[in-house]
Amino acid sequence: MIRYGGLAILIAALVVLALLPFASSFVDDWAQRDVELRSQLVFAAAREQIEEMRAQGDAAALDALFGRIAADGRIAAIGLCEGGALTLATGGMPERFSCEAAPADEAAGPSPIALDGQAALVTAHALEANGVGAARLVILHDLAYIEERAGQARMALVLALVAVGFGGAAIASVLSIFILARWRHSVRQAIEDVREGRTEEQGPSDTQIAEEIKGALGELELARRQIDTVHTVWNPETLQVALANELPGSEVIVVSNREPYIHNRKDDGTIQVQRPASGLVSALEPVTRACGGTWIAHGSGSADRDSVDADDRVGVPPAKPTYTLRRLWLTDEEQDGYYYGFANEGLWPLCHIAFVRPIFRESDWRFYRSVNEKFAEAVVAEAKRPDPIVLIQDYHLALAPRMIRDRLPNATIITFWHIPWPNSETFGICPWKEEIIDGLLGSSILGFHTQFHCNNFIETVDRFMESRIDRESDSISLAGHETFVRPYPISIDWPPAALEGQAPVPETRTTVRERLGLSPDIKLGVGIERFDYTKGILDRMRGVDAFLTEYPDWKGRFCFAQVAAPTRAKLASYRNLQAEAEALADEINARHGADGWEPIKLLARHHEPDEVFELFRAADLCIVSSLHDGMNLVAKEFVASRDDEQGVLVLSAFAGASRELSEALIVNPYDAYAMGQVIHRALAMDSGEQRERMKVMREQVEAKNVYRWAGQMLLDAARLRKKERIMRLIDAKERRTDRKGERPTDRRRKPAA
């Protein structure tokens, strides 16, 4: 015991000695950066005043300004070098200081200098000549505080590592005592078994169980490292390898209302395959290709029934099938009640808080419940093993997790809610809130786009359900089942398939402007959405109106193209939105248009992905003005399309994407004047700033792509399955221990079988 404790203390001492130089080096590097930053801040704050005073020849004012700057305790002196000579300096400047000691190039960084025997750094910044000759501002930085901070850092390191050493020694001592006691107990038990003539009972030995637990814990830690690493390049191959390593032989079933491929019959009788314009499909379809398995969805195409086999299955993608699409059939009445009614007239406006009153009907709820039952039964029918991994998508299927859990208790169910989750007061409007929450808590893992939405859900459960909430692990236990609530920001595939075959940006700009009837020099803004009242289409048009009103010189020089695909035409709110958008576009064009030029071009039709990316690449700016959005993949698609690192993204603060793409110009879409100001700023932004912003955003989208989104969920599922396996092993060990713990006399008293 003493040996292990002493060894821990010795190791800690060696670590202290080894790390002391690194601590000093770290403080020195920090000091260098601190000096550079402070020097730049001082120069940026005083530059205009200094240049103005020099131009006016006001030496007294300059001297007073220098004195105020040098009042900073970390600035030893400040001076002015003109023509290679020091013409003005504060009192702390060394008598023998020469302007040659200052760095000739600002980019070279600070230069060391001796200041009354103490170390110092000198920086220099070029001033505008303004007719009075070139000059440089030199700043001497006192580094006395650096030595003090370095000493503090070394002392803190020593104390921390000493504490770790003694702690390690204590832990090693306790562990050695515990291990020795267990070993002695095992020896005594073995001797007693031999004396009593007892043989090993059936089942795995303690050693075997311990080895299995150790192996499972190792696998769990490996999965955690794979999820948490920021260096993993996520792509289909990475995802396949992760699944093969972490979920070997597992069955993956995707469940959603929207199908990834639709078969429609054309007027000439031939069948055409379409991919729907859906963010969910755009995000999840590449994942399903990489994972394989089965996708269960509602068959809505006019030729869907003609394209499936006798079991309602079809291999997709059509050209090279890699997974199975299982279709469900709904009657028009079911579709109206479940999809258009409860899901889109009830839950959609409720969760988006877009000032459209949600409508709840008892008949819609009954259809919603029965259709969720159909999806749950389809999952059970398609499952080839008792513990599949089931990925349930979106608000259409809130009841399905619990229904599947009741039928497949060993399934790992991951539900992803693609829209926002409102606060508990808002969700309390729903008459069936308890049933929806209970349905979702049938999941093993429940995912949202942001931590904010996770917090809202947990608060909603806390308010309306009798459950146990562990806020440290963000988990909820209900009826003996634990659900983990996690943020998984959704994204797009990288590189996007729609980017393949795209013409160079200059050529695309010319092509698109010719198609829209615009002159080559006109700046182009784009917005690409469905006709949905949550997307802020009217608000961005009002922003364009405010922009042209405030900056009329842009008339004839800027055009905004709004692509809006008609959707959910059965619902009056969507039909009315399209009519209102068309009327507003006509009104703005009448107010600002002239000589054949119109500021807004409203393109109310579906655009294929390659058409969308062509518009993105031709645009100078893209406006995403969602009034409330879980994520909004349009913003990420625009960023992904700009391999030229140009273009400006104007992004709503109420879209989940704004939490990741902070280099966009963030705007409140409800403020038309602010929107107009941001449009003006975007159009005036130089190419260098555009490149810096776009480069950072592209790196973000590339690193956190859709494969990482899926990988995080699936690897979390792997971790959860391994935890459950460990718990089963521990239970087996405890049962084994209980049986061994029975005294021989007790056993002899039991009657024979």
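The following legends describe close-up views of a predicted model.

**View 1. The rings of Trp295 and Tyr323 form a stacked pair.**
The structure holds 25 aromatic pairs. In the pair shown here, the ring centres of Trp295 and Tyr323 lie 6.4 Å apart and the planes meet at 25°, so the arrangement is stacked. Trp295 belongs to strand E9 (residues 294-298) and Tyr323 to strand E11 (residues 323-328), so the pair ties together parts that are 28 residues apart in sequence. Trp295 and Tyr323 are both buried.

**View 2. Phe616 and Phe638 meet edge-to-face.**
The ring centres of Phe616 and Phe638 are 5.6 Å apart, and the planes stand at 75°, so this pair is edge-to-face.

**View 3. Six aromatic residues form one cluster.**
The members of this aromatic cluster are Tyr338, Phe342, Phe360, Trp365, Tyr368 and Trp432.

**View 4. Arginine side chains lie over tryptophan rings.**
Arg557 is placed over the face of Trp554, at 4.0 Å from the ring centre. The charged end of Arg568 sits over the ring of Trp348, at 4.5 Å from the centre of that ring.

**View 5. Phe355, Phe654 and Tyr670 make a nonpolar surface patch.**
The patch made by Phe355, Phe654 and Tyr670 covers about 350 Å². One of these residues, Phe355, is found in the loop between helix H7 (332-352) and helix H8 (362-382). Phe355 has a relative accessible area of 68%, over the 50% limit, and therefore counts as exposed.

Pro317 is located in the loop between strand E10 (313-316) and E11. Pro495 is located in the loop between strand E17 (481-487) and helix H13 (505-516).

**View 6. Asp474 and Asn632 have positive phi angles.**
Although Asp474 is not a glycine, its phi is positive, at about 50°. The loop that holds Asp474 runs between strand E15 (468-470) and strand E16 (475-478). With a relative accessible area of 19%, under the 20% limit, Asp474 counts as buried. Asn632, likewise not a glycine, has a positive phi of about 85°. Asn632 lies in the loop between strand E21 (621-624) and H17. Its relative accessible area is 6%, and Asn632 is therefore buried.

**View 7. Cys81 and Cys99 form a disulfide.**
The structure holds 1 disulfide. The sulfur atoms of Cys81 and Cys99 are 2.0 Å apart, and the link is left-handed, with -95° about the S-S bond. Cys81 is in strand E1 (residues 75-82), whereas Cys99 is in the loop between strand E2 (85-89) and strand E3 (111-115); the pair links distant parts of the chain, 18 residues apart. Cys81 is buried at a relative accessible area of 5%, and Cys99 is buried at 4%.

**View 8. Cys430 is in no disulfide.**
The cysteine sulfur nearest to Cys430 is that of Cys351, 8.6 Å away. Cys430 is buried, with a relative accessible area of 0%. Another cysteine, Cys622, counts as buried at 0% relative accessibility.

Note on methods: Residues are numbered from 1 along each chain as its sequence is written. This is a predicted model: local features need pLDDT of at least 70, side-chain atom pairs count only at pLDDT 80 or more; totals for chains, interfaces and linings use all residues. Side-chain values use heavy atoms; hydrogens and water are left out. Rings of Phe, Tyr and Trp (its six-membered ring) pair if their centres lie within 6.5 Å; planes under 30 degrees apart count as stacked, over 60 as edge-to-face and the rest as tilted. Helices (H or I, at least four residues) and strands (E, at least two) are DSSP runs, numbered from the N terminus. Buried means under 20% relative accessible area, exposed over 50%, partly exposed in between (1.4 Å probe, protein chains only). A charge sits over a ring if NZ of Lys or CZ of Arg is within 6 Å of the ring centre and within 35 degrees of the ring normal. Patches are made of residues with over 30% relative accessible area and no salt bridge: like charges are joined within 9 Å, nonpolar side chains (Val, Leu, Ile, Met, Phe, Trp, Tyr) within 5 Å. Accessible areas come from the Shrake-Rupley method with a 1.4 Å probe; for residues, only the protein chains shown count as cover. A salt bridge is a side-chain nitrogen of Lys or Arg within 4 Å of a carboxyl oxygen of Asp or Glu. A disulfide is a pair of cysteine sulfur atoms within 2.5 Å.
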